[in-house]
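Biologist: I have a structure open and would like to talk through a few of its side chains with you. Could you take me through it loop by loop and contact by contact?

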Amino acid sequence: MNSPHTTSLSWSPTNAYNYNPNNGNINNNTKTNNNYARCVRFEKENALSLFSFENIFNSYIDCRKSKRSTINALRFEENLEANLRELYSALNNKTYELRRSVCFTVLEPKPREIFAADFRDRIIHHLIVNALEKLFEQCFIDESFACRKNKGTHKAVRCLQHFTRQLSSDHVGKKKTYFLQLDISNFFMSIDKQILFSIVEEKIKQNDLWNETFKQDLAWICKKAIFHDPASNFFQKSPEWIRESVPKHKSLIFVEKGKGLPIGNQTSQFFANVYLNELDYFVKSVLGCNHYVRYVDDFILMSNNKDELMDWFWDIRDFLQEKLLLRLNPKVTLLPLNNGIDFLGYIVRPWSIYIRRRVLVNFKHRLVLADSKLLEKKTFFFEKNSTERKHFQATFASYCGHFKHADSFRLKQGIMTEFAFTKLCFCAKKPDSLRCKLALSKKEQNFFIFRKTSSSIG
């Protein structure tokens, strides 16, 4: 039996140290007492270091979310501890170099060239963003909605509608209200790396909460990420005929030296917000525009004075050219609010939001393809657990998520009338349930039975 003064590894009320909070002293000889607070020695390796093992590991955990089944993630995880320690040593010894990227081209909604960084480098991207987010989130304006926590496309649309309602109610029956919609020509390929780095470096220096070592490490790794040229060392994944669909001025391969950030990196999305934060402050503070919304390089200004909006246009154009070396897209929209604002896949009006025509056309095109496949197989819906079914349901759910933020009741009714099999998706989560089949008309139920019997006979 243990003596009352014997040390025990498990916690209990009778195994707590006598601790004097006035001087911090611990009496190790009298652990049997009624004190419920037990002192534990706590060491944090490199607590004030950006490149601590804990920070690198946490960045790895963030990086692998939704990517754990990819080939690069599995290869890294195969020898996880050794890879993390190698990364830890390379960063602390300042020998870290970014590896080869994978380049591929996406065709929808329009041809874009994507550079995907190596999994090891994506961990560093998370490390950079996690550190800089705490610094820049304090100075980002509320009306910037791209690639930020608790923001996004739907909140941007709601904010835009809120502003349109404000202006409409303030000037109802008096004056027309107008909006000016602008975007930046070839934005990601036009970002000047030196200007971007000077903005980031200056912000790091101004922060008093970090020690000098932390600041130097963060500036060093940011410089590595910003000035790295993925086009100098990459693996091309897409065939030539797809690559040629990307215009040269939108390709990182042909961009001017010292310009451009790769589309696809987390750091690029964050640095885009940092770069255009200068524009945000110019519009809000210098021009005094109170009704302003920005999502990446697409931004909208609103006013009841049409001439004021035109003056702002020339001021913004000059500011972008002189300070950020950017050019506005020649396509400029200046219309009354009642015409509706085409923004992020929606048509926004003061008291209603509708789905953009192009989104609806793309959705119907996918439904036509799905219906033709079902007719080919002589069945009403895809088989359970099939790849086709999972792919269709994921696409369908994505569009439904887009529709629910708009006034789309009649639109859904029209789609169910035109494509009867979509009722099985709209009515319940389980398309094969009896409840779903009862939602079909008698004619549609007979057609369902006909397809089923035809497929079984075949």
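**Loops, salt bridges and a surface patch**

Modeller: Let us start with Cys147, which is found in the loop between helix 4 and helix 5. Please keep in mind throughout that this is a predicted model.

Biologist: What sort of phi does Cys147 have?

Modeller: The phi of Cys147 is positive, at about 55°, although Cys147 is not a glycine.

Biologist: And is Cys147 buried, partly exposed or exposed?

Modeller: Cys147 counts as partly exposed because its relative accessible area is 39%, and the range for that class lies between under 20% for buried and over 50% for exposed.

Biologist: Where does Val296 sit, and what is its phi near?

Modeller: Val296 lies in the loop between strand 7 (292-295) and strand 8 (298-303), and its phi, near 55°, is a positive value in a residue other than glycine.

Biologist: How is each of the two classed, buried or partly exposed?

Modeller: Glu137 counts as partly exposed because its relative accessibility is 29%, whereas Arg148 is buried, with a relative accessible area of 11%.

Biologist: What does Lys284 form a salt bridge with?

Modeller: Lys284 forms one with Glu143, with the closest N and O atoms 3.6 Å apart. That pair also links distant parts of the chain, since Lys284 is in helix 10 (residues 266-286) and Glu143 is in the loop between helix 4 and helix 5, 141 residues apart. Lys284 counts as partly exposed at 23% relative accessibility, while Glu143, at 14%, counts as buried.

Biologist: How many salt bridges does the count come to?

Modeller: The count comes to 18 salt bridges. Among the others to look at is the one in which the side chains of Lys65 and Asp62 meet, at 3.8 Å from N to O.

Biologist: Which residues are linked in a network of salt bridges?

Modeller: That network of salt bridges links Arg64, Arg68 and Glu77.

Biologist: Changing topic, what can you tell me about Gln161 in helix 5?

Modeller: Gln161 belongs to helix 5, which covers residues 153-170, and it counts as buried because its relative accessibility is 5%. The side chains of Gln161 and Arg158 are joined by a polar contact of 3.3 Å.

Biologist: Last one, about the surface: which residues form the positive patch?

Modeller: The positive surface patch is formed by Lys110, Arg112, Lys250 and Arg358. Of these, Lys110 has its place in the loop between strand 3 (101-106) and strand 4 (112-116), and Lys110 counts as partly exposed at 42% relative accessibility.

Terms used. Residues numbered from 1 in each chain as written. Predicted model: local features only at pLDDT ≥ 70, side-chain atom pairs only at ≥ 80, totals over all residues. Heavy atoms only, no water. Patch = residues over 30% accessible without salt bridge, like charges linked within 9 Å, V, L, I, M, F, W, Y side chains within 5 Å. Areas by Shrake-Rupley, 256 points an atom, 1.4 Å probe, with all protein chains shown as cover. Salt bridge = Lys/Arg side-chain N within 4 Å of Asp/Glu carboxyl O. Lys, Arg positive; Asp, Glu negative; His and termini not counted. Charge placed at Lys NZ, Arg CZ, Asp CG, Glu CD. Helix = DSSP H or I, 4+ residues; strand = E, 2+ residues; numbered from the N terminus. Buried < 20%, exposed > 50% of the residue type's maximum accessible area, 1.4 Å probe, protein only. Polar contact = N/O pair within 3.5 Å; in protein donor to acceptor, adjacent residues only side chain to side chain.
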